[in-house]
Amino acid sequence: MMPLSLAELDTENTIKKIGGSPELRKHLENLGFVDGTVVTVVSSLGGNMILKVKDSRVALGRDMASKIQVA
C-alpha cells in the first residue's frame with residue numbers, strides 16, 4: 001500500500017484504507033472515497049491533485065490525498 005499522493009498519473013488504484021480524523025474520513029466518504037473504490041490521478045500540479053472517482057472528478061490537496069492508502 002502507498003498514499004494516494006504518491007500514485008502515478010493515469011493508473012487505476014483501489015482504495016484500501018482511509019486515515020485521519022473522523023470528520024476527515026466522513027468528508028472523503030461524502031466525496032466518493034470509500035474502501036474498494038477505484039481512483040485515478042488525472043493531474044497533479046503543485047500541492048493539488050485532480051482525481052477521477054466513480055464518474056466524477058474531485059480536486060484534493062496533497063495533504064488530504066496522503067491520508068488515503070491505495071494499492
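Mentor: The largest nonpolar core has 17 residues, and those with the most contacts inside it are L4, F33, V39, L51 and I68. A nonpolar core here is a set of buried Ala, Val, Leu, Ile, Met, Phe, Trp, Tyr and Cys residues joined through side-chain atoms within 4.5 Å; buried means under 20% relative accessible area, exposed over 50%, and partly exposed in between (1.4 Å probe, protein chains only). At least two residues of this core come from each of strand 2, helix 1, strand 3 (38-45), strand 4, strand 5 and strand 6. Strand 4 gives the most, with three residues. Helices (H or I, at least four residues) and strands (E, at least two) are DSSP runs, numbered from the N terminus.

The model is predicted: local features need pLDDT of at least 70, and side-chain atom pairs count only at pLDDT 80 or more, while totals for chains, interfaces and linings use all residues. Residues are numbered from 1 along each chain as its sequence is written, and side-chain values use heavy atoms, with hydrogens and water left out.

Not counting residues up to four places away in sequence, I68 touches M2, P3, L4, I15, K17, L28, F33 and L60, where contact means heavy atoms within 4.5 Å.

Six strands form an open sheet in the order 1-6-2-3-4-5, with antiparallel pairing. Its edge strands are strand 1 (2-3) and strand 5, each of which pairs on one side only. Two strands pair if DSSP finds at least two bridges between them. Strand 2 (residues 12-18) and strand 6 (residues 68-70) pair in the antiparallel sense over three bridges, and K17 has Q69 of strand 6 as its bridge partner. Six bridges join strand 4 (residues 48-53) to strand 5 (residues 56-61), again antiparallel; here I50 is partnered by A59 in strand 5. The hairpin of strand 4 and strand 5 has two residues between the strands, and in it K54 takes a positive phi near 55 degrees.

The side chains of K26 and E29 meet in a salt bridge (3.7 Å, N to O), that is, a side-chain nitrogen of Lys or Arg within 4 Å of a carboxyl oxygen of Asp or Glu. By this rule the count comes to one salt bridge. Because K26 and E29 are three residues apart in helix 1 (residues 22-30), about one helical turn separates them. K26 is partly exposed at 44% relative accessibility, and E29 is partly exposed at 40%.
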